[in-house]
Amino acid sequence: MIWKRNASTCIDKSQAPGRMSRTVALLAVLSIAAVLGSFAVGYYKIPLSRLPGVLLGGASTELDVLVRVRLPRILAAYAIGAALATAGSAYQGMFKNPLVSPEILGVSAGAGLGAALSITLEFPYYITQTMAFVFGLAAAALCYLAARRVRFGQTVSMILAGTMIQTLATAMTTLLKYLADPNDALPAITFWLMGSLTKVDMDALLFSAAPMAAGFLILFAMRYRLNVLTLGDEEAMSLGIDPRRTRAAAIVGATLLSAASVCMGGMIGFVGLMIPHIARWIVGPQYRRLLPVACMAGGCYLLVMDDIARSAMTMEIPLGVMTAVAGAPFFLYLITRQGVERS
Amino acid sequence: MKLTADHLTAGYMKKPALREVSFALESGQVLCVLGPNGGGKSTLFRTLLGFLPPQSGAVCLDGKPLAGLSPARMAQYLSYIPQAHAPAFRYRVLDVVLMGRTCHLHALRCPGKTDEELAMRALRRLDIGYLAQRDYTELSGGERKLVLIARALCQQAQFMVMDEPTSDLDFAKSQLIYDVIQSLAADGYGVLLSTHAPDYPFRPQDQVLLLRRGRTVACGGSAEVLTAENLSAAYDTPMEILQMADSAGRTHRVCAVLGGAP
């Protein structure tokens, strides 16, 4: 063969056999450690050593704090991180673009508008959550319908439609903020848009559980076909999948995950962009490996970020701000690296 | 098996880029679609593969139209080796080849051990087994082309469609791809390839379809189609067929561009 030189060099170690199982095992241990450790974090001091005693010791204030306040919050942080990272991985693949994040189809912007509307109208929290969820789904549905008729180049049309919907929803949210009562509604909207898990309780968690489970199920079930979709419509079709139908299914799954996350925690950016990249560095772009790793890494990351957000200062740092502060420099680094090497 | 195109007219909007094109290709044969840029080669392939619905005419396999088939069924008969290929993500070569198994897998299944063996066998068939664990995006143009041919082998479709397989390769690597194509035909695959430069080493048994502005200039065995008149008409420039003998005494038919105004 003419070009047989350097045959043994450049073997991609990240996809070597054995690496996947080690990574999954490590992430599982990290996840358990992060969840257990997070019980000890918070304003009300309960040291880690006392956890077993409190948990087994029957009713007490400490038990109340652990089960009613911290447990839902820990579960929510882990679930949201896992959902956004999984959705981000799927969106990046189906749009053939590693710089795409779950906000691409306007889910977050739509959800923000729904929540702002509900807060302005002084609806209770569960209505706000419902409206955020419904508006998020509606925004993605609008993008999809707008681009549905396009035969080829559907993804570009969808991204453009997403940008329009985002602009529109953000403009309307801004109008609502302008009109909102500066004493209670305005701070509530602002706080919601910044992303926070302070209001999460068991009911909020249960509301999001079903759509999240459905989203995870859909994306994990089609994990192999997601790879084929990253090659573009024509090639995917020549390999034997219907690109439009497959993408539609992936969009449903990823949108359910994003909307269920946003309606619980507000706008938490960068997790869905950053974690898929880190996961790809660890185990490569093959979705069978990527999805479980992104899922667990996203959960750990957001849980740790939320722990920092609620314990670093006396006043709680909004989680959305926390992830953006940690995420934006990474994003810049990514852009500068893009020219040299695709991740 | 026999792949036929029957008076195929196709294109975008009202203006067809392909008019009334017909051909027939048996498995084990090579059909080279030849013609200048804009001749309708890509449109023909896009129509064959079902990316573009024909405006009239039909593509048939053993007399049965392909039009109503699902992408998975279609992929079991026709594989595709695209021209430019730069995936957005750094897949391993083995994973790229494994994607050829998609049309044989249930929608929710991942490829298993048997599929992996088939992929490795396809790579070894082309002497590139050593590339299996490499990063596909770091390969050279020629290596990528071979990996895509391996993917098509792994797909186990009787017919392969190669869109300008040598357009970005130097002539030594082009020759290697052409050798691979002829050995695939010897194995019983029907190969359709397109090229805008008539540098394919035509053998007497190869079929040629000569296209110009979407219409057939000539179609048939390479000896009848490749004449000075036909080529000059297709490319709008004076061309000739030169017969030459190499030092080993084998004769070659070479298409030569004479240049100058017609």
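Q: How many Å apart do the C-alpha centres of domain 1 of chain A and domain 2 of chain A lie?
A: In this predicted model, those two centres lie 18 Å apart. Domain 1 of chain A covers residues 94-267, and domain 2 covers residues 268-338.

Q: How do you know that domain 1 of chain A is in contact with domain 2 of chain A, and how many residues are on each side?
A: Two residues count as in contact if their C-beta atoms, placed from the backbone, lie within 7 Å. By that test, 19 residues of domain 1 of chain A meet 15 residues of domain 2 of chain A. On the domain 1 side, helix H7 (185-194), H8 and helix H9 (223-229) of chain A each supply at least two residues. H9(A) gives the largest share of that side, with four residues.

Q: What classes of residue make up the side of domain 1 of chain A that touches domain 2 of chain A?
A: That side has ten nonpolar, seven polar and two charged residues.

Q: Why are H3(A) and H8(A) called roughly parallel to each other?
A: Let's set the value against the cut-off. The axes of helix H3 (residues 61-94) and helix H8 (residues 202-221) of chain A cross at roughly 30 degrees, and angles under 35 degrees count as roughly parallel. H3(A) and H8(A) are therefore roughly parallel to each other. Their axes come within 11 Å, and the crossing is left-handed.

Q: What makes the contact between H3(A) and H8(A), and which residues belong to each helix?
A: H3(A) brings A:Pro72, A:Leu75, A:Ala76, A:Ala79, A:Ala83, A:Thr86 and A:Ala90. H8(A) answers with A:Met202, A:Leu205, A:Met212, A:Gly215, A:Phe216 and A:Leu219. Sorted by class, this contact has eleven nonpolar, two polar and no charged residues. Gly counts as polar.

Q: What is the handedness of the crossing of H1(A) and H3(A), right-handed or left-handed?
A: The crossing of H1(A) and H3(A) is right-handed. The axes of helix H1 (residues 19-39) of chain A and H3(A) come within 10 Å and cross at roughly 145 degrees. A:Val35, A:Ser38 and A:Phe39 of H1(A) make this contact with A:Leu66, A:Arg70, A:Ile74 and A:Tyr78 of H3(A). Those residues divide into five nonpolar, one polar and one charged.

Q: How many residues of chain B are in contact with chain A?
A: 37 residues of chain B are in contact with 32 residues of chain A. Several elements of chain B each supply at least two residues of its side: helix H2 (71-77), strand E6 (78-81), helix H5 (141-155) and helix H6 (171-186). By class, this side of chain B has 19 nonpolar, eight polar and ten charged residues.

Q: How many Å separate the centres of domain 1 of chain B and domain 2 of chain B?
A: Taken over C-alpha atoms, 26 Å separate the two centres. The domain assignment gives domain 1 (2-226) and domain 2 (227-262) for chain B. Ten residues of domain 1 of chain B are in contact with nine residues of domain 2 of chain B. Strand E9 (207-212) and strand E10 (215-221) of chain B each supply at least two residues of the domain 1 side, which has eight nonpolar, one polar and one charged residues.

Q: Where in chain A does pLDDT stay under 50, with eight contacts beyond four places in sequence?
A: That is the case over residues 339-343 of chain A. As for chain A overall, the mean pLDDT is 86, and 92% of its residues reach 70 or more. Over residues 1-10 of chain A the pLDDT is also below 50, and this stretch has eleven contacts in the model beyond near neighbours in sequence.

Key
Residues numbered from 1 in each chain as written. Chains lettered and ligands numbered in written order. Predicted model: local features only at pLDDT ≥ 70, side-chain atom pairs only at ≥ 80, totals over all residues. pLDDT = per-residue confidence, 0-100. Axes fitted to C-alpha atoms, helices over the stretch in contact; angles between N-to-C directions. Parallel < 35°, antiparallel > 145°, perpendicular 65-115°, else oblique. Left-handed = near helix turned anticlockwise from the far one by under 90°. Domains from an automatic or database assignment.
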